[in-house]
Amino acid sequence: MRTPTASYLFILCCFFSFSSAQEYSWPLYPVLERYCRGTFCEYRSGHFHEGIDIPASGSFTVYATTDTFKYIGNSWNAEDQYIVTVQHYTQSGSSQWPLDEGSRYIHMYNINTTLSEGEIYVGEPLAVNTGFLDIHLHFEMRWPAPVGVSGLENIFNAYNPFIKDNLCPDDPDDDYKPVLDYLYADGDVDHQGNATINSWNFLGYDFMNYYDSTTVSPFIRLTLPTESSGNDLDDPHIMISGNCKVRFILKAKDEVTSGYPNCAPYSISLFFADQIPFGEDELYDPEKTPFHQVKFDELENEFGQNETYDEEDVYHTESPLVSDQSTFYYRLYPHDKNGDGYPDCIINPSRYLSTEGLQNGQYPIRIVVTDYEGNTKTADVHFYVRKQNWVDYCRAFNY
Amino acid sequence: MRRIIFAMFTFIFCLSWAEVKVEKVLETTSIKEYNQWVKQNKVKCPKLEPILIQSSHEIRGVLRQYTIRYYNQNGEKLKEETLQDSLLSIYVPFTNDRLILRKKLQGDANEVTVKNAEGQVLFKRDDIRTHLAYTGIGVYVEGLSAECPADENTVLRIFNENGQEIGTLRGFGFINLLNICAPNDRRYCVFEGGNPYHGIPVIMLNRTGKELWRYEIDRGVISLFISKTGLHIGILHSNKGKILVFDENGNLVQEYTPFGENWYWILSAFSDDGQWLVTGFHSKVKFYNNKTGALVWEDTVTLKEKADTVKYVHSMKNGDFIIVLCNSHNIYVFDTTGKLLLVHNFRLGKHLIPRRIHGTVTEFEVLTQNWYSDVIGEYLIINKYSNGVSGARTQGDMKIIYRISEP
């Protein structure tokens, strides 16, 4: 990751100073409900979703999210329909200044043909009474702006529109908690050293060896219980025998409404052992920093902005954990950036947890998934490390 | 009866100035009427093309309903198909001689079916990654969604008329179908590559799908235009206010910055043989000789006096008439020396635009801008269309046709 230069930092400061004063509006009018059916950074068949999908069944007028904008241009292809790009401006009185950011609006069947490329407009619609392909507007914000007003011409620095005031979803119906479906433990012998992984299924959880016809890698899949936080006795357990490195992968999703496909959640946090806060109210105790967190605010860009992560944080490489718009898998550990041949397994400040470094016993983890509305779902899982040929059941029960 | 009315109308509207005669020869919303007019005039003007396919869509919730109508050269409707599917999209290329249907399948795959102007299936593939664009020269190029960032390793497959893979292209995500051109004889096509990772590629392909040359330009809106003979290719680079003129082999032969180096959306057109270039921006018009790069004439007064702004420019009769169409619906006709020959308003009417400022929406009346223009032979064809659907996708709902000639 590159270190930001002084000029970059200056631009960054300008950006945030402008953006803090800038008003942003919901791009669809009329505003029926402010929610999305596709979130920023969902993994979609080879790329991250670089915007949000706003449901739009019927006919709407589309406005730029800033009142004042420069109309950069439009393109059209058979899949996306019209794609309109604007650069954001800020305005005070009659003075207008360009911001180093812009936005794109995709899937419109019609556009406003009174707009001329390169002209600055105030309040003009980008499309009037338009329908949308697949009944949604894809809206994305980009910084630097999609054109080279400052010489910074990389349009692929997308960031999450939800971090702007007035662009957060405001859906009173979204009181659904995110859903935690499964925890997968990767039992590939090439990954786990000399250990084996088994369920310790004394409470009868759905815990199965999961194979796919197209892959030889066995995954052990644990169905996460609907309730677990604060109640250790009903938590599922995983048995790890021997010295190993284990990959844990989570399948989770956000339910916005019952009428639309699921979204990716906003953040996923993993707490390990004594980092786990007790009780629902302490999930965000600053003293209890998560071991690992994926928070979908920005894609990594050359300026090294915060909350960057890698594509591999969303696990997608092979079946059965192929992700698409309705299925979301996440690594619960940073992926192997160094490419040292190991899948850099779980939970250790030095990038992975090797059970070689753990004593026999039980180690709890807590998974916390949050959506954009702050709805939270947690699950606790206990894994048990055994290095001898016998199992210390009692220690587990007495933990 | 129609012919009588038509004759009377023509008689009423026939502007004849000393050096130019402008007749409105047709105004119609009827495909039958248009195709019959084309048939009557095709001998004199072979490049006129009838409308053979027209598709419209209607969205009902998640369901999309497409109505496709097939016509013959006489404008008689041959058949009508109605397709209803939430996963279907339909596209009629600018050649208007085929229909491309794309249906999303499970997973990443898409099924694409190409039909001819009679509705017969030309080929079908079920392994297209997102969609298929027709280049107008018997070659199709696969495309990805604009939501999918392309990089230098992105590979798009090229297919022939039978749907067989014949090559690949790299470094961009799709063809921007608003910027695709082919000369009259369709020996090549040139297009803008959409969603590129680096600079925007302008690429020329021949009829075998071979990439002949590529020119990568800095980001900033571009527009492409070519001479009818295909000997000259123009790129407007609005970010720098530049017009780049290439020969067919991809050699840069002229570079103009007619209105200064700034962000300008410039309109330009070549004469048929490419020797002359007319360009307009705001209320200015300039005329260049492409052989020498010399400015032949400029007019910065005429449009300004009427507070007009340029929407389209054309060259007619190989540069003898310069036609400038404005947002005000005015048509200006200049000669090769820059002398104004005629001004006429074609009156397309007004519509309401809802502006939103600080969350408050107020409607304003503006002159309708849902139109584009073509020059074919001695005819200026103004296509009015509904709902902001531009010329890349429609033949227009209404056509106004003028014949511009010497008296």
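How many aromatic pairs does a search of the whole structure find over all chains? The search finds 22 (ring centres of Phe, Tyr or Trp, with its six-membered ring, within 6.5 Å; planes under 30 degrees apart are stacked, over 60 edge-to-face, the rest tilted).

## About the model

This is a predicted model, in which local features need pLDDT of at least 70 and side-chain atom pairs pLDDT 80 or more, while totals for chains, interfaces and linings use all residues. Residues are numbered from 1 along each chain, chains are lettered from A in the order written, and side-chain values use heavy atoms, without hydrogens and water.

## Ring pairs in chain B

Let's start with B:Trp213 and B:Phe246: their centres are 5.5 Å apart and their planes at 25°, so the pair is stacked. B:Trp213 sits in strand 17 and B:Phe246 in strand 20 of chain B, 33 residues apart (strands are DSSP E runs of at least two residues, numbered from the N terminus). Both residues are buried (under 20% relative accessible area, 1.4 Å probe, protein chains only).

B:Phe225 and B:Phe270 make a tilted pair, 4.6 Å between centres and 35° between planes. Ring pairs also join B:Trp276, B:Phe287, B:Trp297, B:Tyr332 and B:Phe334 into a cluster.

## Where the chains meet

Across the interface, 60 residues of chain A contact 52 of chain B (heavy atoms within 4.5 Å). The rule finds two salt bridges there (a Lys or Arg side-chain nitrogen within 4 Å of an Asp or Glu carboxyl oxygen). A:Glu79 and B:Arg102 meet in a salt bridge at 2.6 Å, N to O.

How values were computed: Helix = DSSP H or I, 4+ residues; strand = E, 2+ residues; numbered from the N terminus. Buried < 20%, exposed > 50% of the residue type's maximum accessible area, 1.4 Å probe, protein only.
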